Amino acid sequence: MTPAHWLTLHAAILEAIGNPEVSAVVVSHGTDTLEETAFFLDLTLKTSKPIILVGAQRNASEADSDGARNLLNALTLAVASEAQNKGVLVVMNEMIHAARHVEKSHTTRVDGFSSGEAGSLGSVTLGKVVFFGTPIAQQTIPLQRNTMPTVVIVAMYAGADGSLIDAAALSGAQGIVIQGLGCGNVNQEMFTAIQRVIAQGVTVVIATRVPNGVVVPIYGFMGGGATLKHAGAIIAQNLSPQKARVLLMLALQSTSDSTEIARHFDNSGVGN
């Protein structure tokens, strides 16, 4: 899947839900990037009609394939009145997840999707839909282009030297998401590279490789979250690097002003 595919899918869903005879849309999707597509659609579609994404952890030729069951559950959810006005949902292994929080958390197990600290929204079991809660944070950022801005993810790791940040800027990236450490920290070499690209007009967002918790800019050493924020980097709050990338791409459609872009991340549902 690519951003170009997201745009095509977005257009197809808009056409479908514009038909009064269509009450919901179910999208079958590979599991590797399902969470990114779901979040993109959640941010760009505003409809009361259920939009459900579903996949399979095991392929159809395996004796214990989960695809048929997941698809049946997705269709069951799609026609349930309780699924309306919930944003984009993901159904895997009988559990209902909000697009904002869902992530692939295991490579092969059928329970390989979770929503971290936020928890799942409900379940579909033997044809019965039960919701435990409702999505609290629902943002909408209308599509304004027929192509998406280029945003890349660069990982911080022990010994990173910042060269990939410079390479990303040189290749034309309009935005860079840093997969930082802990509360959103990098080393001095990465910090210096981040300063360089911000000065060149590239928008930088700081996320973390830690699966749970929020990026908190509290450390004041060179490369700590506080110094990164002071240098002009934007804090990803509770969004994973891959979802921070999706949000940044959409924000960059209309502005490169870091204050305006930061507002999108401040509204991204911290703690929800």
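Predicted model: local features only at pLDDT ≥ 70, side-chain atom pairs only at ≥ 80, totals over all residues.
1. Six strands form an open sheet in the order 1-2-3-4-7-8. The pairing is mixed. On average, neighbouring strands are turned by 25 degrees against each other, direction ignored.

2. The edges. Strand 1 (25-28) and strand 8 (128-131) stand at the edges of the sheet. Each has a single partner strand, so one side of each is left without a neighbour in the sheet.

3. Strands 2 and 3. Strand 2 (residues 51-54) and strand 3 (residues 88-92) run parallel. Four bridges join them. Ile52 has Leu89 of strand 3 as its bridge partner.

4. The helix on the sheet. Helix 3 (residues 67-78) packs on this sheet. Helix 3 touches strand 1, strand 2, strand 3, strand 4 (95-98), strand 7 (122-125) and strand 8. The direction of helix 3 makes about 175 degrees with that of strand 2.

5. The helix pair. Helix 4 (residues 163-170) and helix 5 (residues 188-199) have axes that come within 8 Å. The axes cross at roughly 15 degrees. Helix 4 is therefore roughly parallel to helix 5, as angles under 35 degrees count as such. The crossing is right-handed.

6. The helix contact. Helix 4 contributes Ile165, Asp166 and Ala169. Helix 5 contributes Met190, Ala193, Ile194, Arg196 and Val197. Of the residues in this contact, six are nonpolar, two are charged and none is polar.

How values were computed
Residues numbered from 1 in each chain as written. Heavy atoms only, no water. Axes fitted to C-alpha atoms, helices over the stretch in contact; angles between N-to-C directions. Helix = DSSP H or I, 4+ residues; strand = E, 2+ residues; numbered from the N terminus. Parallel < 35°, antiparallel > 145°, perpendicular 65-115°, else oblique. Left-handed = near helix turned anticlockwise from the far one by under 90°. Contact = heavy atoms within 4.5 Å. Nonpolar A, V, L, I, M, F, W, Y, C, P; charged D, E, K, R; others polar. Pairing = 2+ DSSP bridges.
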